[in-house]
Structure formats: C-alpha cells, structure tokens
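Here is a short briefing for a first look at this chain. Please keep the sequence and the 3D view open as you read.

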Amino acid sequence: MVEAAQIWQWLSEVPDPEIPVLSLVDLGVIRAVEVMDGMVRIKVTPTYSGCPATTFINLDIEAKLRSKGIEKLQIEPQIAPPWSTDWIKPEAHEKLREYGIAPPRPGQPYCPRCGAADTELLSQFGSTPCKSHYRCTACLEPFDAFKCL
Ligand SMILES: [Zn+2]
C-alpha cells in the first residue's frame with residue numbers, strides 16, 4: 001500500500017520537460033495527491049497554456065509511477081485556479097539562477113549571472129514562449145527570464 005508522501009517523493013524526482021533542473025514539484029504544478037483503495041489520483045495544473053511542455057508532463061508522471069509499480073493511476077487536470085509563478089517553490093529560484101534563467105519576479109528580472117538589476121528586454125519570447133529574452137547591461141550577458149504570471 002503506497003502512501004501519498006511516497007508519491008510526492010517520486011514526483012519530486014520527475015524533471016520538468018523544459019527546465020530539467022526543476023522537478024514538477026518545484027514547479028508547483030502538482031496540486032494534489034490522493035491515495036484511495038489502491039488508486040492514486042493526481043491533480044495537475046498546467047503551466048502556461050501555450051507551453052508545449054505541458055503535454056509531456058502527464059506522460060512523464062505516468063512513466064515514473066508505472067516504473068514504481070503503480071497500476072491504478074488517474075491524472076486529472078485542475079484548471080482553476082490557474083497556475084501562477086508564485087507556486088514555484090522558493091528553493092527552486094536558486095536552481096533556476098544556477099541554470100542561467102532569471103526566476104520570475106514582477107518588473108525587470110535580475111541578471112542570473114551577476115545579480116545586477118539593470119537589465120533590458122531583447123525579445124518577449126526567449127527559447128520558449130514561457131520565457132522572455134533579456135540582456136544584462138552590467139555584464140552584457142543575454143539570458144532567459146521566466147515570465148511572471
Ligand atoms: Zn549580469
């Protein structure tokens with residue numbers, strides 16, 4: 001008999017398809033895990049609706065839990081409330097910076113490399129629609145910044 005805490009642990013090992021340094025739990029897309037009568041039910045809130053990664057998330061969850069011997073599995077989308085960048089775990093912000101992506105914050109992002117607040121927007125769209133492309137005016141390095149939702 002598997003417990004919800006174990007499921008959370010396994011899900012924290014599933015990387016986000018787009019930003020592999022973050023797990024799905026870091027990203028805050030797993031809203032609930034319930035175990036009832038041997039059935040595991042997981043509620044997942046998609047991130048940015050235009051994000052191609054979203055479709056892979058459910059497949060990754062399923063693959064992980066099947067590999068752990070979970071047979072009865074139900075993954076349900078939970079649309080409301082919509083996902084917010086506030087749901088990204090605080091400790092995940094540090095992982096993002098180390099990966100070279102500015103964590104989401106209102107207004108201009110800080111440079112993930114040197115920490116300067118003086119940054120300029122180069123493009124609304126970075127490597128994916130969920131990110132914008134910026135350049136640091138202090139160290140001149142271009143970088144992707146998570147869009148704040
Ligand atoms: Zn910089």
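Which domains does the domain assignment of the chain give? The assignment, which is automatic or from a database, gives domain 1 (4–83) and domain 2 (93–146). This is a predicted model, in which local features need pLDDT of at least 70 and side-chain atom pairs count only at pLDDT 80 or more, while totals for chains, interfaces and linings use all residues. Residues are numbered from 1 along each chain as its sequence is written.

**Overall layout**

- The chain holds four helices and seven strands. These are DSSP runs numbered from the N terminus: helices are H or I with at least four residues, strands are E with at least two.
- Their order from the N terminus is α-α-β-β-α-β-α-β-β-β-β.
- Along the principal axes, the C-alpha atoms fill a box of roughly 55 × 25 × 20 Å.
- Of the 149 residues, 28% are buried. Buried means that 20 or more other C-beta atoms lie within 10 Å of the residue's own; exposed means 12 or fewer, and partly exposed lies in between, with C-beta atoms placed from the backbone.

- The centres of domain 1 and domain 2, taken over C-alpha atoms, are 27 Å apart.
- Nine residues from domain 1 and seven residues from domain 2 make the contact. Two residues are in contact if their C-beta atoms, placed from the backbone, lie within 7 Å.

**The core**

- The largest nonpolar core has 29 residues. Such a core is a set of buried Ala, Val, Leu, Ile, Met, Phe, Trp, Tyr and Cys residues joined through C-beta atoms within 7 Å.
- L24, V29, I101, A102 and F143 have the most contacts inside this core.
- Domain 1 and domain 2 each give the core at least three residues.
- Beyond its neighbours within four places in sequence, A102 contacts residues including P109, Y134 and F143.

**Helix 4**

- Helix 4 (residues 90–99) has A92, H93 and L96 as its buried residues. Seen down the helix axis, these fall within an arc of 110°, so they line one face of helix 4. The arc is that of the directions from the axis to the C-beta atoms.
- E91, E94 and E98 are exposed on the other side of helix 4.
- The buried residues of helix 4 pack against helix 2 (24–27), strand 4 (101–102) and strand 7 (142–146).
- G100 follows helix 4 and has a positive phi, near 95°.

- Strand 1 (residues 30–36) and strand 2 run antiparallel, joined by six bridges. Strands pair if DSSP finds at least two bridges between them.
- Across this pairing, A32 stands opposite K43.
- Two residues lie between the strands of this hairpin, where D37 has a positive phi near 50°.
- Strand 2 runs parallel to strand 3 (residues 73–77), with five bridges. Here R41 stands opposite Q74.
- Side chains alternate along strand 2.

**A loop residue: D118**

- D118 sits in the loop between strand 4 and strand 5 (119–123).
- Why does D118 count as exposed? Because D118 has 12 C-beta neighbours inside 10 Å.
- Leaving aside neighbours within four places in sequence, D118 is in contact with T137 and A138.
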